Amino acid sequence: RVQGKDRSSDKPFELGLALNLAGGKDYLLQGDDGSMPSVAGVGSLYYSIPNIELSAGSSLRYGDDTIKLKKGLMWFDHQW
């Protein structure tokens, strides 16, 4: 569960996200055993987790409106 405020306009508004996540396949190392060249040939570590399931009960809050999310698939990538 996360929340914050969008201040990019003259009238800021609240944002919120509550996700129920499950499953996902095993992580995948990107590049050569998780190392991927990025700047001037210097590598960074990089992995992905595909097919993470978004379950019912998840929601997105935009100002005073709350949108119920039913289901879906997503993935997570991390590079550092």
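**Exercise 1.** State whether I67 is buried, exposed or partly exposed, and locate this residue.

Solution. I67 has a relative accessible area of 43%, so this residue is partly exposed (buried means under 20%, exposed over 50%, partly exposed in between, with a 1.4 Å probe and protein chains only). I67 lies in strand β8, residues 65-69 (strands are DSSP runs of E with at least two residues, numbered from the N terminus).

The model is predicted: local features need pLDDT of at least 70, side-chain atom pairs count only at pLDDT 80 or more, and totals for chains, interfaces and linings use all residues. Residues are numbered from 1 along each chain as its sequence is written, and side-chain values use heavy atoms, leaving out hydrogens and water.

**Exercise 2.** Find the order of the strands in the open sheet of four strands.

Solution. The order is β1-β2-β7-β8, with antiparallel pairing (two strands pair if DSSP finds at least two bridges between them). At the edges stand β1 (2-6) and β8; each has a single partner strand, so one side of each lacks a neighbour in the sheet.

**Exercise 3.** Describe how β1 pairs with β2.

Solution. Five bridges join β1 to β2 (residues 13-18) in the antiparallel sense. Q3 has G16 in β2 as its bridge partner.

**Exercise 4.** Determine where confidence in the chain is lowest and where it is highest.

Solution. Mean pLDDT for the chain is 86, and 100% of its residues reach 70 or more (pLDDT is the predictor's confidence in each residue, from 0 to 100). Confidence is lowest in strand β5 (residues 35-39), with a mean of 76, and highest in β8, at 94.
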